[in-house]
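Reader: Hey, I've just opened this one and I'm new to it. Could you walk me through it?

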Amino acid sequence: MINLTSIFGTDFAGVFLLLIIILTKGWSLPARKKESHILLCLTIATVFYCAGDAFVSLCDGRPGQLIRVICIIGNTYLYIYNLLVGLGIIYLVVNHIDQTIPRLQILFFVTISAVEVVLLTMNFFRPIVFHIDSSNVYHRDSFYPIFLLAGALLIIYGYSYYFISKIKSPALRYFPVWQFLTPIVIAMIIQGLVYGVSLQPIGYAIAFAGLVICLQNECIYIDKLTGVYNRYELDNFRKALSRLRREKVAALMLDLNGFKAINDNYSHAEGDAALCAFADILVKVIRNEGIVIRFAGDEFIVIIRRFKDDNIDRVRKKILDAVEEYNETSGKPYKLSAAVGGEIFSHTGEQEDVVAKIDYLMYKDKQDYYKTHPQADRRR
């Protein structure tokens, strides 16, 4: 027996919570337009999900052919929503952590989507997922557990990806995925076990509220222009430095060579574009091995904890190779070039002035560059 009072109450609370997120622009993330748009779309879709769930529940058990059609189409929509938004959340998590989606993961998402779409399509002709009986009452069918399994796989995947990535990148403490996935898990389990209640809509609404809070909190530590971390994150790292024990940390300082010439010859807007491009290169090279920080102006710092190499040569080469690859394909009238200085620090509890050390090494590299490229030295 469906509890309409409970369903209307939870669905209304979900709509109210989501509208607050939309109207206050909680979904808007500085320097992360793609994620902002995805988050907005998911939030709007969930408003319709909550409203649709209430409307379909109201129609359940009422007579009439039109009501029957509404129940079939409405419940199909609710299943599709669970698929699309479930995939959307996991996509947002993976893309946020790693800035890319590997092909194997895309195949995993496509396979789950294809299976569910085929089953729902077949359900129109022969009920196998759910059916509406002669009294227009909704009933689950034999293939319903497949949708629960698909949801469980996505959730497990999201948890696993997060915790594995967190081991590699401690900076993910600002993005605690488990906190906003857990309400979905609890709602899914209760709704799966107890027929007649509908908790998934409010579960998604609470999850999105948690996701917005996490992302907005993270934005305190994000540089608004480039989207990488700012000096607040560097301050946190330096405070934590004295607590690190027996851990190798690689720290690199990077500075764009000839950056002033880009501003002078092509405008400050183009200079900003160059900074964003360089930051994007660093993020794609470092991925979840470490963090990228905009230190000041055109200076960036890369920090990699639990570093396994004996020197920074591999990382330095990957960065410079990526810069060259960008130059070959960007179509810009200028070329990016970076001075790089870095060191590996083995901490025993005593603070070291990491920034001063890597700044000195970077400056030496810049001096060597200007010796061979005197025309680029605008300081003369």
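Predicted model: local features only at pLDDT ≥ 70, side-chain atom pairs only at ≥ 80, totals over all residues.

Reader: How much of the chain is buried?

Author: Of the 380 residues, 51% are buried.

Reader: Let's zoom in on helix 6. At what angle does helix 6 pack with helix 7?

Author: The angle is about 175°, and the axes of the two helices are 7 Å apart. Angles over 145 degrees count as roughly antiparallel, so helix 6 is roughly antiparallel to helix 7.

Reader: Which residues make that contact?

Author: On the helix 6 side they include Phe180, Ile184 and Met188. Helix 7 brings in, among others, Tyr204, Ile206 and Leu211.

Reader: What about Leu193, buried or exposed?

Author: Leu193, which lies in helix 6, has a relative accessible area of 70%, and the cut-off for exposed is over 50%, so Leu193 is exposed. Leu193 also belongs to a nonpolar surface patch of about 460 Å², together with Ile186, Ile189, Ile190 and Val194.

Reader: Switching topic: which residues of helix 9 are buried?

Author: Helix 9 covers residues 259-266, and its buried residues are Phe259, Ala261, Ile262 and Asn263.

Reader: And what do those buried residues pack against?

Author: They pack against strand 3 (247-256) and helix 10 (268-286).

Reader: What happens just after helix 9?

Author: Ser267 sits there with a positive phi of about 95°.

Reader: Last one: where is Ile291 found?

Author: Ile291 is in strand 4, which covers residues 291-296. Its relative accessible area is 8%, and buried means under 20%, so Ile291 is buried.

Reader: How far is Ile291 from Ala251?

Author: Their C-alpha atoms are separated by 9.9 Å, while along the chain the two residues are 40 residues apart.

Terms used. Residues numbered from 1 in each chain as written. Heavy atoms only, no water. Patch = residues over 30% accessible without salt bridge, like charges linked within 9 Å, V, L, I, M, F, W, Y side chains within 5 Å. Areas by Shrake-Rupley, 256 points an atom, 1.4 Å probe, with all protein chains shown as cover. Salt bridge = Lys/Arg side-chain N within 4 Å of Asp/Glu carboxyl O. Helix = DSSP H or I, 4+ residues; strand = E, 2+ residues; numbered from the N terminus. Buried < 20%, exposed > 50% of the residue type's maximum accessible area, 1.4 Å probe, protein only. Axes fitted to C-alpha atoms, helices over the stretch in contact; angles between N-to-C directions. Parallel < 35°, antiparallel > 145°, perpendicular 65-115°, else oblique. Contact = heavy atoms within 4.5 Å.
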